[in-house]
Amino acid sequence: MKKFKENLPGHIFLLLALSSISALALITGFIVVRGAPIITDVGLKDFAFGMSWAPSLEEYGIFPMIIGTVAVSLGAALIGVPIGICCSIFLSEFAPPFITAIFRPAIQLLAGIPSVVYGFWGLIFIVPFIRDYLGGPGLSILAASIILAIMILPTVISISEVSLLALPKQYKEGALALGLTHWQTIRIVMLPAAKSGIVAAVILGIGRAIGETMAVIMIVGNAVAMPESILDPVRTLTTNIGIEMGYATGVHQEALFATGIVLFIVIMILNATAQYIVSSGKQARGKERQKS
Amino acid sequence: MKPMKPSARTSEYLAKGMIWAAAMSVMIVLVAIIVYILIKGLPVLNFSFLTQNPYNMGRSGGIASTIVGTLYITLVAILIAVPFGIGTAFYLAEYTRENIITRIIRFSAESLAGIPSIIYGLFGFIFFVIYLGMGWSILAGGLTLAFMVLPTIIRTSEEAIRAVPQIYREASYSLGATKWQTIIKTVFPSAIQGIVNGIILSVGRCIAETAAVIFTAGSVLSMPFSLFDSTRTMAVHFYILASEGVSMENAYGTAALLIILIFVVNVGVNLLVSRFINKNQKR
Amino acid sequence: MEENIKIEIKDFSFLYHKKQVIHNLNLKIHKNEITSFFGPANGGVTTLLRSLNRLFELNHDTHTKGDILIDGKSIFDPDSSVTELRRKVGMVFEIPAPLPISIFDNVAYGPRLKKKKSKSEINDVVEQALKQAALWDDVKDRLKAPAMSLSGGQQQRLCIARVLALQPEVIMLDRACSGLDPISTAKIEESLFQLKEEFTIVIAPHNVQQAIRISDRAAFMLMGHLIEAGTSDEVFGSPKDQRTNDYITGRFG
């Protein structure tokens with residue numbers, strides 16, 4: 001009895017932990033149960049690679065949206081990743097302390113701004129700019145890519161900064177002692193050593209871009225069609241759900257849950273990859289440390 | 001000593017310039033977004049805007065009911081997520097060694113953290129709204145957000161608990177404390193700042209969230225009176241006003257209030273908390 | 001003088017990660033004396049001290065053989081309470097480890113863990129402990145100040161006071177003066193001379209000089225083996241083992 005009383009907090013904590021992780025099972029279960037029937041009805045191939053999305057005609061093909069999602073998040077990564085990595089190098093290597101003291105909270109604030117505000121800002125500034133100077137309707141892959149690039153910055157910056165700061169001091173000191181310049185040290189020694197963390201940062205950033213809904217809805221145009229240029233409007237997996245959930249019923253609603261399943265699977269694969277890269281990077285470094 | 005090769009020096013300058021340019025452009029974008037919203041929105045923000053209910057679908061009147069709705073939903077989410085999140089964190093950090101169970105818990109928490117909010121919205125809709133029959137309501141919205149912020153609270157709390165120096169635990173045990181006494185009297189107080197930061201971060205996410213809330217709490221504009229009433233949060237209200245072009249003026253006002261709230265949550269409370277709690281820890 | 005034995009270590013071995021760090025150690029520790037365990041790093045001294053109050057149990061993968069008796073009773077007895085043991089055998093760490101709370105709360109931490117103590121009782125215990133540790137005069141006007149605001153030497157004396165407030169029987173100090181200046185060290189050593197009238201004191205000195213200065217009895221440990229033990233005069237005056245002699249004369253270590 002005494003033993004049980006002593007262990008009681010541990011049992012309660014375990015119970016809380018188990019219920020926390022059951023959330024993942026619950027989410028997976030309910031979305032799959034709701035969305036899977038339509039995939040089996042339509043057929044996975046016709047669902048994933050079908051070119052036509054017309055709920056009124058009971059046509060449910062999401063291939064243009066997959067392409068839209070890929071285009072938008074790839075664009076976001078192309079713009080956001082280099083800037084984000086530069087910022088993380090800036091923070092960990094170049095920034096004077098007083099700038100770091102402003103920059104870090106600023107990045108946190110950037111992460112906190114509601115996505116609808118980003119979307120709105122894009123609608124006011126980016127979309128007209130593209131329409132007037134580059135052509136097309138303005139609501140486009142490019143507009144969404146730019147806004148998403150800004151939105152994934154906090155993820156990319158904070159995770160790559162952490163992995164840069166986690167490097168043993170000797171790496172840097174050793175390289176500088178060999179006569180490398182600061183930038184050479186960063187490029188030749190530090191970035192490769194922090195590779196696993198940076199790659200994980202990029203993957204998680206892309207994951208955020210793929211999953212973002214509200215900002216994208218406002219600026220991507222949402223037309224279900226195959227884009228021909230980055231100035232064309234597209235619809236993404238998330239915006240498909242976001243736009244139609246409000247009025248969808250029956251099979252149509254199931255098709256939106258099925259869209260969610262596809263999104264869910266993509267995100268889970270990206271997450272698992274990022275986690276695997278981070279943990280294998282940690283292990284490799286641990287082994288190196290044991291050797292020395 | 002040989003002089004540096006010109007190419008090395010040039011690339012040093014180039015790289016430095018590029019990195020500074022990238023960092024500064026990010027700052028400029030951030031400032032541009034905030035300043036623009038504030039310039040357009042601050043003039044709208046006055047006492048009656050904050051205290052009047054919206055009329056005419058939000059075309060006129062204030063945003064009082066959406067402020068109340070946001071507060072209720074956030075409160076429900078935090079009250080539910082905090083005990084589960086902190087409990088899970090204590091289990092991971094204090095009660096177990098690295099093994100298959102901790103790896104499953106951590107994998108699940110990390111995966112939950114990466115799931116897009118729209119998926120939480122779908123789940124909340126089918127589970128809370130439909131399956132559990134809560135309908136579009138503050139309760140359903142709050143519970144959905146609780147699921148969404150749970151991984152944030154777990155992760156920040158676990159980090160904070162692990163950051164407590166081991167010597168504190170040893171000192172406490174060596175004075176005859178049990179595990180539970182050590183956790184309550186020493187580990188928890190030392191970790192509370194990090195834990196509170198995680199909670200504040202979660203509050204910010206709840207206030208800012210749109211996609212997950214619109215499917216689960218609905219978008220009814222009237223003042224909510226019970227947990228089972230549907231409501232419209234500020235973020236949802238802003239989205240509807242702006243995207244349907246109902247009232248740009250009120251949209252800017254709502255956005256400005258959102259930005260101010262997020263700012264206060266991020267910076268203000270953070271400062272207050274660290275001053276309040278650090279009193280005993282400063283050397 | 002067998003009745004003066006406080007702690008008896010019987011054929012005690014300690015394994016950490018399957019590596020043996022203490023080998024079949026036998027020793028008797030006497031009441032009202034200062035016994036020091038000294039030797040080079042990784043000799044097993046810290047592990048031994050952490051065994052006496054079973055603090056090693058916080059680490060995983062540990063395993064003990066043999067027995068340790070306090071007043072003739074095994075500390076590993078499954079019916080005995082480990083928290084009671086730790087209140088009986090107080091410990092001061094190498095790094096001053098005040099908790100991030102006020103000076104008063106640090107000293108009151110132990111007494112408050114046991115219920116049924118009135119406020120004035122706790123006040124008395126704290127005051128007496130701080131006086132015994134020669135810290136009362138330094139801090140009596142700022143008991144509510146954070147413990148971290150004290151100097152290193154004061155922090156370590158606070159930790160001694162914190163142990164004294166437990167009203168223990170044995171006090172262990174694990175290289176407790178290693179980070180301190182000579183004046184603080186002298187103050188602590190002076191307190192120890194007074195405290196041994198009342199308590200049994202076990203210390204791991206941070207160097208041979210300190211061991212010579214303050215020990216009544218000494219035990220030399222090397223790579224987990226007890227090389228020799230005896231009164232201070234025996235061990236430092238005429239060591240029987242060549243390795244002890246080499247170590248105290250500074251030939252290695």
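The contact between chains B and C takes 23 residues from chain C and 19 residues from chain B, two residues being counted as in contact if their C-beta atoms, placed from the backbone, lie within 7 Å. This is a predicted model, in which local features need pLDDT of at least 70, side-chain atom pairs count only at pLDDT 80 or more, and totals for chains, interfaces and linings use all residues. Residues are numbered from 1 along each chain as its sequence is written, while chains are lettered from A and ligands numbered from 1 in the order in which they are written.

On the side of chain C that touches chain B, helix H2 (82-88) and helix H3 (103-113) of chain C each supply at least two residues. Helices (H or I, at least four residues) and strands (E, at least two) are DSSP runs, numbered from the N terminus. By class, this side of chain C comprises 14 nonpolar, six polar and three charged residues. Here Ala, Val, Leu, Ile, Met, Phe, Trp, Tyr, Cys and Pro count as nonpolar, Asp, Glu, Lys and Arg as charged, and the others, Gly among them, as polar.

Of the two pairs of chains that touch, chains A and B have the most contacts. In this pair, 66 residues of chain B are in contact with 63 residues of chain A. Several helices of chain B each supply at least two residues of the side that touches chain A, including helix H1 (6-41), helix H3 (64-94), helix H8 (179-208) and helix H11 (248-278). H1(B) gives the most to this side, with 17 residues. The residues of the side of chain B that touches chain A divide into 50 nonpolar, 13 polar and three charged. Chain A and chain C do not touch, and their nearest C-alpha atoms are 11 Å apart.

Chain B contains 11 helices and two strands. Along the sequence, its pattern is α-α-β-β-α-α-α-α-α-α-α-α-α. Taken along the principal axes, the C-alpha atoms of chain B fill a box of roughly 70 × 65 × 40 Å. Of the 283 residues in chain B, 53% are buried. A residue is buried if 20 or more other C-beta atoms lie within 10 Å of its own, exposed if 12 or fewer, and partly exposed in between, with C-beta atoms placed from the backbone. Among the contacts in chain B with a separation of 6 or more, 74% are between residues 24 or more positions apart.

In chain A, helix H4 (residues 97-112) has 16 residues and reaches 23 Å from its first C-alpha to its last, close to the 22 Å expected at 1.5 Å a residue. The expected span is 1.5 Å times one less than the number of residues. The buried residues of H4(A) are Phe103(A), Ile107(A), Leu109(A), Leu110(A), Ala111(A) and Gly112(A). An α-helix has 3.6 residues a turn, so residues three or four places apart point the same way.

Chain C has an open sheet of four strands in the order E2-E1-E4-E5, with antiparallel pairing; two strands pair if DSSP finds at least two bridges between them. E2 and strand E5 (73-74) of chain C stand at the edges with a single partner strand each, so one side of each is left without a neighbour in the sheet. E1(C) and strand E4 (residues 62-70) of chain C run antiparallel and are joined by eight bridges. Phe14(C) stands opposite Thr64(C) in E4(C).

Strand E9 (residues 217-222) of chain C is mostly covered, five of its six residues being buried. E9(C) pairs with strand E3 (residues 34-38) of chain C in the parallel sense over four bridges, and Phe220(C) in E9(C) is the bridge partner of Phe38(C). With strand E10 (residues 225-231) of chain C, the pairing of E9(C) is antiparallel over six bridges. Ala219(C) stands opposite Ala229(C) in E10(C). E9(C) and E10(C) form a hairpin with two residues between them, and Met223(C) in the turn has a positive phi of about 50 degrees.

Positive phi values also occur in loops of chain C. His17(C), which is not a glycine, has a positive phi of about 50 degrees. His17(C) lies in the loop between strand E1 (5-16) and strand E2 (19-30) of chain C, and counts as exposed because it has 10 C-beta neighbours inside 10 Å. Arg175(C), also a residue other than glycine, has a positive phi near 45 degrees. Arg175(C) is found in the loop between strand E7 (170-174) and helix H7 (182-195) of chain C, and counts as buried because it has 21 C-beta neighbours inside 10 Å.
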